[in-house]
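Hello,

I am handing over the structure we talked about. Please have a look through it, and then read on for what turned up.

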Amino acid sequence: HEVNGRITVGSYGRNTAAECAAFRGGAGVVDLSCRGRLAAIGSDRIAFVHGQVTSDVRGLATGRGCYAAVVSAKGRMESDATIYRLDDELLLDVEPGFADPVKQRLDTYIIAADVEVIDVSDAYGMFSVQGPFAESVWQRLDTGLALPAQRFEIRKITPAADAPQVELYVARHARLGTGGFDLFAPMDAMAAWAVRLERAFDSDARIAPCGWEALELVRRARGIPR
């Protein structure tokens with residue numbers, strides 16, 4: 001399935017209604033690596049991004065995020081973004097196919113600021129678990145870390161000493177209005193996390209892999225804008 005030039009899974013060959021049911025009454029596990037991810041680095045990154053979007057980025061504590069619009073100099077909507085403040089960077093999660101235009105838009109206004117915007121869409125993937133049983137899925141992953149409690153709160157996952165030491169993050173993000181979280185992982189770690197997530201839904205019929213089509217059907221039915 002193609003979304004703005006990015007490829008994702010449309011469905012898993014089952015009745016789409018069954019995938020919608022997982023989002024509504026259990027938990028749906030969807031690969032949203034098709035979305036765009038930008039990293040803003042440099043000492044001026046917070047002040048710079050704050051000046052380009054509609055939300056208070058300067059007020060974010062480390063480990064917190066916000067939803068924002070990227071607008072033109074005249075206030076015209078150009079994109080939306082979820083922005084997370086990490087230790088040494090700001091992570092922007094944007095619509096599929098929007099990473100490049102948003103990067104170009106931000107780069108235009110970098111004059112003397114110490115900031116660089118990097119497209120990390122192909123370096124990092126993202127699984128999203130959505131539905132009222134999302135927290136149960138997280139518990140079954142047995143990371144030893146509590147799921148972030150606040151909306152758009154993000155935490156770094158520290159791998160076990162005998163596991164590959166990679167940058168992993170989990171963010172509380174209820175994309176369909178109920179429970180939900182996003183898991184950011186390097187592309188070379190996505191397969192291993194897919195196996196761990198599969199173990200969670202193998203043991204519970206209410207948890208299932210879901211595609212973009214079901215995600216969009218439930219989103220529209222709940223009146224959530226995109």
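In which loop is histidine 173 found? Histidine 173 sits in the loop between β11 (168–172) and β12 (180–186); strands here are DSSP runs of E with at least two residues, numbered from the N terminus.

Before going further, please note that this is a predicted model, where local features need pLDDT of at least 70, side-chain atom pairs count only at pLDDT 80 or more, and totals for chains, interfaces and linings use all residues. Residues are numbered from 1 along each chain as its sequence is written, and side-chain values use heavy atoms, with hydrogens and water left out.

Histidine 173 has a relative accessible area of 9%, so it is buried (under 20% relative accessible area, with a 1.4 Å probe and protein chains only). Beyond its neighbours within four places in sequence, histidine 173 is in contact (heavy atoms within 4.5 Å) with residues including Tyr84, Gln130 and Phe152.

Next, strand β3 (residues 27–31): 4 of its 5 residues are buried. β3 pairs (at least two DSSP bridges between the strands) with strand β13 (residues 207–209) in the parallel sense, over 3 bridges. With strand β9 (residues 124–130), β3 runs antiparallel, joined by 4 bridges. Glycine 28 has alanine 208 as its bridge partner in β13 and glutamine 130 in β9.

Finally, the cysteines. There are 0 disulfides, counting pairs of cysteine sulfur atoms within 2.5 Å. For cysteine 34, the nearest cysteine sulfur is that of cysteine 210, 14 Å away. Cysteine 210 is buried at 1% relative accessible area.

Best wishes

Terms used. Buried means under 20% relative accessible area, exposed over 50%, partly exposed in between (1.4 Å probe, protein chains only).
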